[in-house]
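The exercises below ask you to work through a structure with the coordinates open beside you. Try each task before reading the solution that follows.

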Amino acid sequence: MISFTYRCTDCGRQYSREQVRYLCPECGKAYHPGIPLTGVLEVVFDYAAIRGAFDPSRPDWNLFCAVEPEFHPPLAVGRTPLAPVDRLGAELGLDRLWVKNDGLNPSGSLKDRASFLVVAEARRLGIDLIVAASTGNAASALAAVCASAGLQALIFVPQNAPKAKLVQMLLCGATVIPVKGTYDDAFRLSLEYTDKRGGLNRNTAYHPLTLEGKKTAGLEIWAQLGYQVPDAICVSVGDGVILGGVYKAFVDLKRAGLIDRLPQLIGVQAETSDAIHRYVQTGVYSDAVHPTTRADSISVTCPSNAHGARRAILESEGRTITVSDEEIFTAQSRLTSRTGIFTEPAGAAALAGLVKLQAGPDALPQDAKVVVLATGHGLKDIDGPLGRLRIPEAVEPRLEALRP
Ligand SMILES: *Cc1c(COP(=O)(O)O)cnc(C)c1O
Ligand SMILES: [Zn+2]
């Protein structure tokens, strides 16, 4: 039996999993589309029980999981590699740098982790329609996990979502509704849909298990480093749920007495999609009015988990950094050419932030243990890098046609 309660991150009220579904019934009343979510729920486990039962030599990750294994979908999600990248590390003045390659999830992004857990919850509740708004990856992840479990996915995407992601959703059999407008418009429409017509809503941060699913990336980092806490983890930030999830992993481990400190979280946003960065800097929230970044997965006007992301940065004594698209594409090509790991622009943003940090006065020390989270696969969006490359012309198939 899994034992946990939901706790409101605003007022602290606690609820059983049968009492609530999305937001705190009290604080959620203040939420209306166009502002960051209020009353986001957090899963609070029985940490004493975890401490007694967790054995690092035979880790049972289900102790940290809010849905019973019998409901888990059959798709193999997570357990992605953590690669030491020494050549890149040396260039950045870091002796111990790793890249966690979450582009190797089944649908090619970290979003599979959130979809996996929400689909598990839908199966527990006996709901067979799952609805989401997404810039692309959450939707392709939901479509893939639903396909494996035989459930129906209904997806609202902004009309400019990259083609590869749309192909993924459609091939998986999802119902795809492109929305004239932005991701934020799609988010609003999907909430209205589940409100009035039914289905389980998987919107990021709105369903509390999205954050719990993304948390597993942080748990894996800890285990893959030999049960050590890294000094810093660089995460690209759109809605701020991956950031919040990685933070929650270390909070859970600390509450269970398995670790005694948190890693510093370094949240990286695109310059034009910087609402969380400015919120951390000033303490006052305002939207990113024109998020024009080519890194579509982190292009967000009003980040749903802005409040939680800010807390994660402050409480981990971390920081936020913004990067230009030029810096993102340079980091993407640098990562690929030094490590062979090809990540989409949003994934490369995390590295771009680290590059910027290491060039400035607050560079991390040479012996710091640093992890960069590469959140999505590069093949999901090749138009950006293609615009910066020249594909060589074909030659006659004779040796003499080649330059010596
Ligand atoms: C969704 C996503 C992000 C950002 O995650 P948030 O939880 O929205 O902050 C970063 N990279 C990729 C590839 C993504 O799909
Ligand atoms: Zn509340």
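**Exercise 1. Determine which residues form one aromatic cluster, and describe the backbone and exposure of Tyr227.**

Step 1. Phe54, Trp61, Phe64, Trp222 and Tyr227 form one aromatic cluster in this model, which is predicted.

Step 2. Tyr227 is found in the loop between H7 and strand S10 (232-236), and its phi is near 60°, a positive value in a residue other than glycine.

Step 3. The relative accessible area of Tyr227 is 27%; because buried means under 20% and exposed over 50%, Tyr227 is classed as partly exposed.

**Exercise 2. Classify the ring pair of Phe4 and Phe45, and say where in the chain its two members lie.**

Step 1. The structure holds 13 aromatic pairs, and in this one the ring centres of Phe4 and Phe45 are 6.1 Å apart, with the planes at 55°.

Step 2. Planes under 30 degrees apart count as stacked and those over 60 as edge-to-face, so the pair of Phe4 and Phe45, at 55°, is tilted.

Step 3. Phe4 belongs to strand S1 (residues 4-8) and Phe45 to strand S3 (residues 41-45), so that this pair links distant parts of the chain, 41 residues apart; both Phe4 and Phe45 are buried.

**Exercise 3. Classify the ring pair of Tyr22 and Tyr206, and then examine Ala205.**

Step 1. Tyr22 and Tyr206 have a centre-to-centre distance of 4.6 Å and an angle of 15° between their planes, and this aromatic pair is stacked.

Step 2. Tyr22 sits in the loop between strand S2 (14-15) and S3, while Tyr206 sits in the loop between strand S9 (200-201) and helix H7 (208-224), so the pair links distant parts of the chain that are 184 residues apart. Both Tyr22 and Tyr206 are buried.

Step 3. Ala205 is found in the loop between S9 and H7, and it has a positive phi of about 70° although it is not a glycine. With a relative accessible area of 3%, Ala205 is buried.

**Exercise 4. Identify the protein donors of the zinc ion (ligand 2) and assign the geometry of the site.**

Step 1. The protein donors are Cys8 (SG), Cys11 (SG), Cys24 (SG) and Cys27 (SG), which lie 2.3 to 2.4 Å from the zinc ion (ligand 2).

Step 2. The angles among the four donor atoms are 106 to 115°; because four donors count as tetrahedral if all angles lie between 85 and 135 degrees, the site is tetrahedral. For comparison, the ideal angle for four tetrahedral donors is 109.5 degrees.

Step 3. Along the chain, the donors follow the spacing C-x2-C-x12-C-x2-C. Cys11 lies in the loop between S1 and S2 and Cys24 in the loop between S2 and S3, so this pair ties together parts that are 13 residues apart in sequence.

Step 4. Cys11 is partly exposed, with a relative accessible area of 35%, whereas Cys24 counts as buried at 1% relative accessibility.

**Exercise 5. Find which residues come nearest to ligand 1, and describe polar contacts made with its atoms.**

Step 1. Of the 16 residues around ligand 1, those that come nearest are Lys111, Asn137, Gly238, Gly240 and Thr375.

Step 2. A polar side-chain atom of Lys111 lies 2.7 Å from an oxygen atom of ligand 1, and a polar backbone atom of Ile242 is 2.8 Å from an oxygen atom of ligand 1.

Step 3. For Thr375, a polar side-chain atom lies 2.6 Å from a nitrogen atom of ligand 1.

Notes:
Residues numbered from 1 in each chain as written. Chains lettered and ligands numbered in written order. Predicted model: local features only at pLDDT ≥ 70, side-chain atom pairs only at ≥ 80, totals over all residues. Heavy atoms only, no water. Phe/Tyr/Trp six-rings, centres within 6.5 Å; stacked < 30°, edge-to-face > 60°. Helix = DSSP H or I, 4+ residues; strand = E, 2+ residues; numbered from the N terminus. Buried < 20%, exposed > 50% of the residue type's maximum accessible area, 1.4 Å probe, protein only. Donors = N, O, S within 2.8 Å, 3.2 Å for Na, K, Ca; no water. Tetrahedral: all angles 85-135°; square planar, octahedral: opposite > 155°, others 65-115°. Near = heavy atom within 4 Å. Polar contact = N/O pair within 3.5 Å; in protein donor to acceptor, adjacent residues only side chain to side chain.
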